[in-house]
Amino acid sequence: MSQYEQCLEQLDKICAIIKKMESGSVATELTSHEAEILKHPNRTTEVSIPVKMDNGDLKIFTGYRVQHSNVRGPYKGGIRFHPQVDLNEVKSLAFWMTIKCAAVDLPFGGAKGGITVDPKKLSEAELEKLTRGYTRAISNIVGPDIDIPAPDLYTNPQIMAWFMDEYSRIAGKNVPGVITGKPVEAGGSLGRDTATAQGGFYVLEEVLKKIQKFSGEENKKDVTIAVQGFGNAGYNFAKIAHDASYQVVAVSDSKGGIASEEGLDIEKVIEHKNSSGSVVDFPDAKNISNEELLTLPVNILAPAAFENVISMEMVNNIKASIILEIANGPMKIEVSEALAEKNILIIPDVLANAGGVIVSYFEWVQNLRQYYWEAEKVQTRLKEKITQATNLIWETKEKYKVDMRTAAYIVAVERLRKAIKVRGI
Ligand code: NAD
């Protein structure tokens, strides 16, 4: 079953739960109608991007933009540059954005974009040409009140700045609100760079309070955390957790991982990665594989790299009691269900990594108003928004006796179907 088919299966499951909850009411009749609408992305775009490489050769890259739903507001979703990007992956990620924005109550729909490319093999000039080519190719279907992209795997603030600049040239005016995750100098928001990680951290602390586990200040140093992926989301999460006195005992990147029972000094690990290209071979830690990291005896496991990294075969070896899904889709639904049966609490991606899109929303609001906020205001509002979402999802979980992922989907699908209904779609 493809990843997108799994998304649809998940949607059917949620609709069946909603139907059961409401059997006998008018709403029941509407569920299948709205589910059918949500199963089909509104628009799927595939583009060819010709780039003249540094050696003079012409290379054609394939890019995508999937606009899944705009029933609650303009499309919103990141752009991914990765060799594994394909239409099926982008469609699933776009669907998850629709669910995520609705789950945390942002006035956005869901979209995602990507280019099938290994950006590590491109020079800076080639990367800029590719980004500008992609911008031109999709410029007629994006815009501040149409579709607002953002960073994702292997895209960064510089790439966002090139996108914004190219779009502004086409529009003949400065349009900072066309994309979020920009550098502050190009209209970015303070706090956007750490927002995904910071949001995940707020959610984690709120959940720890609810389950009355590890929540006292004195306990933090005894709580062990392993983080897979040491990029924007993973590094910042590890740093925030370390600075808050939790014990980050293992981290990894695409080249492998490192572990130390005494805990890692995250600032020193990033210095080592910046100078050597990887976290691997960090002094005072032992090298481990990415798979070993996932099965370490830690309290909290935070996958922050890629989809489907936790497989069914690993289920019996996972020793963490909480999994905080900072990455999108780090496990398939059947894996998630098998882990839940083992009493492992999974904090789902649509909530755990929503901090990024929440601060992207703040950035977009600041761009439209041309009025910029202090860092403290961004933090306060992020905490407020993501804590509200955590509380509602937790209440829904308790009320319907479902896992947190199902609860988040119920909250989202309820909001989406109400919007579909009142709009008369
Ligand atoms: P990034 O490109 O900044 O970092 C990715 C990290 O993952 C790098 O350290 C890379 O070495 C590592 N990695 C790649 N393949 C790996 C593998 N097979 N095993 C272990 N590590 C591997 O990307 P990011 O923005 O940090 O995104 C990471 C995840 O978080 C993605 O799933 C993304 O969709 C999700 N996410 C990111 C944001 C955001 O604002 N950046 C928001 C929401 C969700």
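**Salt bridges of the predicted model**

Glu337 is partly exposed, at a relative accessible area of 32% (buried is under 20%, exposed over 50%, partly exposed in between; 1.4 Å probe, protein chains only). The model is predicted, and local features need pLDDT of at least 70, side-chain atom pairs count only at pLDDT 80 or more, and totals for chains, interfaces and linings use all residues. Residues are numbered from 1 along each chain as its sequence is written, and side-chain values use heavy atoms, with hydrogens and water left out.

The side chain of Glu337 forms a salt bridge with that of Lys13, with an N to O distance of 2.8 Å (a salt bridge is a side-chain nitrogen of Lys or Arg within 4 Å of a carboxyl oxygen of Asp or Glu). This pair links distant parts of the chain, 324 residues apart: Lys13 belongs to helix α1 (residues 3-21) and Glu337 to helix α10 (residues 333-341). Helices are DSSP runs (H or I, at least four residues), numbered from the N terminus. Lys13 is also partly exposed, at a relative accessible area of 29%.

Within helix α5 (residues 157-171), Asp165 and Arg169 lie four residues apart, about one turn of the helix. Their side chains meet in a salt bridge of 2.7 Å, N to O. Asp165 is partly exposed, with a relative accessible area of 27%, whereas Arg169 is exposed at 58%. Both residues belong to one network, joined by salt bridges that share partners, together with Glu128, Arg132, Arg136 and Glu166.

Arg80 and Glu89 are both buried. A salt bridge connects these two residues, the closest N and O atoms being 3.1 Å apart. The count for the model comes to 27 salt bridges.

Technical notes
Helix = DSSP H or I, 4+ residues; strand = E, 2+ residues; numbered from the N terminus.
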